[in-house]
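The stops below are given in the order in which to select them.

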Amino acid sequence: MLAARSFQKTKDGGFVCCGPFLSCRDTLRNSRYQPFILKFNTDFSIAWHQNYDKANYDNCYGELFDIMELENGDLLACGWSYDMRNAVRIGGGYIQKTNSTGELLWRRFYHPTEGLSWQTLGVIS
């Protein structure tokens, strides 16, 4: 199940959205989310869809809350991740950059002690 958190128009006339993809639910309290980005063409057909698998760490899950297109067509998205090791939820913010087709270029995680968990990119747009 996909849940769009942000929906933005792109320079090519299409749209892009991001959010959490519910990858599994073994109990009501134990849902696992993966970040996703979905790109639409101008007619709202799907151009591409990309899930970012467990943030590349075991037992680590997350969501994207906001996305923006950069001048060169790359995408910048922000959100939070959490680590479920030892059944303890430890969360922190992260920001990621993809190219215009959703290929992950880089991702930066911020430890919870840094106190960062972004829900909007509006400050830098």
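A nonpolar core is a set of buried Ala, Val, Leu, Ile, Met, Phe, Trp, Tyr and Cys residues joined through side-chain atoms within 4.5 Å. Buried here stands for under 20% relative accessible area. The model is predicted.

**Whole chain.** Start with a cartoon view. The chain has eight strands and zero helices, so from the N terminus the order of elements is β-β-β-β-β-β-β-β. Of its 125 residues, 45% are buried. Among contacts between residues at least 6 apart in sequence, 41% join residues at least 24 apart.

**The core.** Select Val16, Cys18, Ile37, Trp48, Tyr52, Leu64, Ile67, Leu75, Ala77 and Tyr94, the ten residues of the largest nonpolar core. In soluble globular proteins, nonpolar side chains tend to be buried together.

Now center on Cys18. Which residues does Cys18 touch, leaving out those up to four places away in sequence? They are Ala3, Ala4, Arg5, Ser6, Phe36, Ile37, Leu64, Phe65, Asp66 and Ile67. Ile37, Leu64 and Ile67 are also members of the core.

**Pro35.** Move to strand S3 (residues 31–40), where Pro35 is found. Is Pro35 buried or exposed? Its relative accessible area is 0%, so Pro35 counts as buried. Show the residues around Pro35: beyond four places in sequence, the residues in contact are Gly19, Gln50, Asn51, Tyr52, Gly62, Glu63, Leu64 and Tyr94. Draw a C-alpha to C-alpha distance from Pro35 to Gly62; the two are 5.7 Å apart in space and 27 residues apart in sequence.

**Phe44.** Continue to the loop between S3 and strand S4 (46–51), which holds Phe44. The phi angle of Phe44 is near 70 degrees, a positive value in a residue other than glycine. Phe44 is partly exposed, at 44% relative accessible area.

**Salt bridges.** Next, display charged side chains. How many salt bridges does a search of the whole structure find? The search finds three.

- Select Glu69 and Lys11, whose closest N and O atoms are 3.8 Å apart. Glu69 is in strand S5 and Lys11 in the loop between strand S1 (6–9) and S2, so this pair ties together parts 58 residues apart in sequence. Lys11 is exposed, with 52% relative accessibility.
- Select Asp12 and Lys39, with an N to O distance of 3.1 Å. Asp12 belongs to the loop between S1 and S2 and Lys39 to strand S3, so the pair ties together parts 27 residues apart in sequence. Asp12 is exposed at 52% relative accessible area, whereas Lys39 is buried at 8%.
- Select Lys97 and Asp74, where the N to O distance is 3.7 Å. Lys97 lies in strand S7 (residues 90–98) and Asp74 in the loop between S5 and S6, 23 residues apart. Both Lys97 and Asp74 are buried.

**Arg107.** End at strand S8 (residues 104–109), which contains Arg107. Arg107 has a relative accessible area of 17% and therefore counts as buried. Show its side chain together with that of Gln96: a polar contact of 3.1 Å joins the two.

Notes:
Residues numbered from 1 in each chain as written. Predicted model: local features only at pLDDT ≥ 70, side-chain atom pairs only at ≥ 80, totals over all residues. Heavy atoms only, no water. Helix = DSSP H or I, 4+ residues; strand = E, 2+ residues; numbered from the N terminus. Buried < 20%, exposed > 50% of the residue type's maximum accessible area, 1.4 Å probe, protein only. Contact = heavy atoms within 4.5 Å. Polar contact = N/O pair within 3.5 Å; in protein donor to acceptor, adjacent residues only side chain to side chain. Salt bridge = Lys/Arg side-chain N within 4 Å of Asp/Glu carboxyl O.
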